[in-house]
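Thanks for coming. I'll go through the salt bridges in this one, and then one of the helices.

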Amino acid sequence: MGHSAYADRRTLQAVHPSFWDLYEEYGVNYPRAIRLLKEKCRDDGFNRFLAMKRGAARHTLESLMLLPVQRIYEYHRLLVQLFTITSKDHPDYDDLRHTVARVQHVV
């Protein structure tokens, strides 16, 4: 039996059925979290704490917080490309169509 994206999606959903819900919730809360971070960054003690935890890492907390937001747009772009080249008679077509619609809702 051949491998399919459907099997991968089912595996992902078995791990966490609300995978896209997490991205949606993160996106909704992201602006508030950034506002809170900027507010906290007015505190010298908090800035020292961040600097200590950051060490030699190249990413700031704010840049790390942005990564999931950027990632969902990349997922959307790749899924749309895949959907565009998937024939309607492919066994994964309906699942892919559903996933593209779901990610579009999140974006």
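R77 and E74 sit 3 residues apart, about one turn of the helix, and both belong to helix 4 (residues 61–85). Helices here are DSSP runs of H or I with at least four residues, strands are runs of E with at least two, and both are numbered from the N terminus.

Before I go on: this is a predicted model, where local features need pLDDT of at least 70 and side-chain atom pairs count only at pLDDT 80 or more, while totals for chains, interfaces and linings use all residues. Residues are numbered from 1 along each chain as its sequence is written, and side-chain values use heavy atoms, with hydrogens and water left out.

Back to that pair. R77 and E74 form a salt bridge, with 2.6 Å between the closest N and O atoms. By salt bridge I mean a side-chain nitrogen of Lys or Arg within 4 Å of a carboxyl oxygen of Asp or Glu. R77 counts as partly exposed, at 38% relative accessibility, and so does E74, at 34%. The cut-offs are under 20% relative accessible area for buried, over 50% for exposed, and partly exposed in between, with a 1.4 Å probe and protein chains only.

How many salt bridges does a search of the whole structure find? It finds 5.

Another one is in helix 5, between R97 and D94, 3 residues apart or about one turn. Their closest N and O atoms are 3.6 Å apart. R97 is partly exposed at 44%, and D94 is partly exposed at 48%.

Then there is E24 with R102, a salt bridge at 3.4 Å, N to O. This pair links distant parts of the chain: E24 is in helix 2 (residues 19–40) and R102 is in helix 5 (residues 93–106), 78 residues apart. E24 is partly exposed at 26%, as is R102 at 25%. D21 joins E24 and R102 in a network of salt bridges.

Now helix 4 itself. Its 25 residues reach 38 Å from first C-alpha to last, close to the expected 36 Å, which is 1.5 Å times one less than the number of residues. Where does helix 4 bend? The bend is at L67, by about 30°, and a proline, P68, follows within four residues. That angle is taken between axes fitted to the seven residues ending there and the seven starting there.

The buried residues in helix 4 include M65, P68, V69, I72, H76 and L79.
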